[in-house]
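Me: I have a structure here that is new to me. Can you walk me through it?

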Amino acid sequence: EILGSMTAGMAYDLVPFVREATPKEVNQPETNGPMRLVTTGLIEPNQCDWGTKRCRYLKQTFSHPVIDIVESTASPYLWKRLKRVARPKVIVAGLSLRVEAFLDEAGIYAGAVSTYTIIDPDDNVDRLRRLVEYLISDDVTHRMKAELGATALGGGRITLTKAFLAGLPWQEKD
């Protein structure tokens, strides 16, 4: 299942709940701690640069952005989305020169606007791992450039679409 990670409305609703992670949260990521916020700029092929690159999020800059939110303070649709993605998943950058995606095996990251989240109905991490390898392959990047290259922005960055991701001819092998 492919989801736009966040709507623009969710992104603005999230602003008051984004903060810098504490040293403990940075050094000992736990699945029951706050989710780590990931923007498209933090995603590289098969890796997430959370904590190694500075992150800009709606006019704020973070080194280690986390989402500190509880159900009683969140809008219902934002809370529902964050709970839904707190599981193994693939997060894909929505704007890049090539397809960039990484596996969030522990379910500790939440993608921001301009990212896509791909979840497996069975939370099959091996299948998600194979999907990342497929997505970051040269074949998929060539296809992206051929199909979406006309939408390239300054610097050649291409905006991915949900339809492009859903239309890829990935053949699952169990």
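**Charged pairs and a sheet**

Reply: Glu44 has a relative accessible area of 22%, so Glu44 is partly exposed. Keep in mind that this is a predicted model.

Me: Which residue does Glu44 form a salt bridge with?

Reply: Its partner is Lys53, and the side chains meet at 2.9 Å, N to O.

Me: And Lys53, what is its relative accessible area?

Reply: For Lys53 the value is 33%, so Lys53 is partly exposed.

Me: How many salt bridges are there by this rule?

Reply: The count comes to 13.

Me: Take Arg127. Which residue does it form a salt bridge with?

Reply: Arg127 forms one with Asp122, and the closest N and O atoms are 3.3 Å apart.

Me: Is Arg127 buried or exposed?

Reply: Buried, because its relative accessible area is 14% and the cut-off for buried is under 20%.

Me: And Asp122, buried or exposed?

Reply: Asp122 is exposed, because its relative accessibility is 57% and exposed means over 50%.

Me: What is the relative accessibility of Arg19?

Reply: Arg19 is at 24%, so Arg19 counts as partly exposed.

Me: Changing topic. In what order do the four strands of the open sheet come?

Reply: The order is β1-β13-β9-β11, and the pairing is antiparallel.

Me: Which are the edge strands?

Reply: They are β1, residues 2–4, and β11, residues 101–104. Each of these pairs on one side only.

Me: How are neighbouring strands of this sheet turned against each other?

Reply: On average they are turned by 25°, with direction ignored.

Me: Back to β1. How many bridges join it to β13?

Reply: Three bridges join β1 to β13, which covers residues 115–118, and the two strands run antiparallel.

Me: Which residue in β13 does Gly4 stand opposite?

Reply: Gly4 stands opposite Tyr116.

Me: Last one. Which strands does helix α4 lie across?

Reply: Helix α4, residues 125–135, lies across β9, β11 and β13. Strand β9 covers residues 89–93.

Me: At about what angle does α4 run to β11?

Reply: The angle of α4 to β11 is about 170°.

How values were computed. Residues numbered from 1 in each chain as written. Predicted model: local features only at pLDDT ≥ 70, side-chain atom pairs only at ≥ 80, totals over all residues. Heavy atoms only, no water. Pairing = 2+ DSSP bridges. Axes fitted to C-alpha atoms, helices over the stretch in contact; angles between N-to-C directions. Contact = heavy atoms within 4.5 Å. Salt bridge = Lys/Arg side-chain N within 4 Å of Asp/Glu carboxyl O. Buried < 20%, exposed > 50% of the residue type's maximum accessible area, 1.4 Å probe, protein only.
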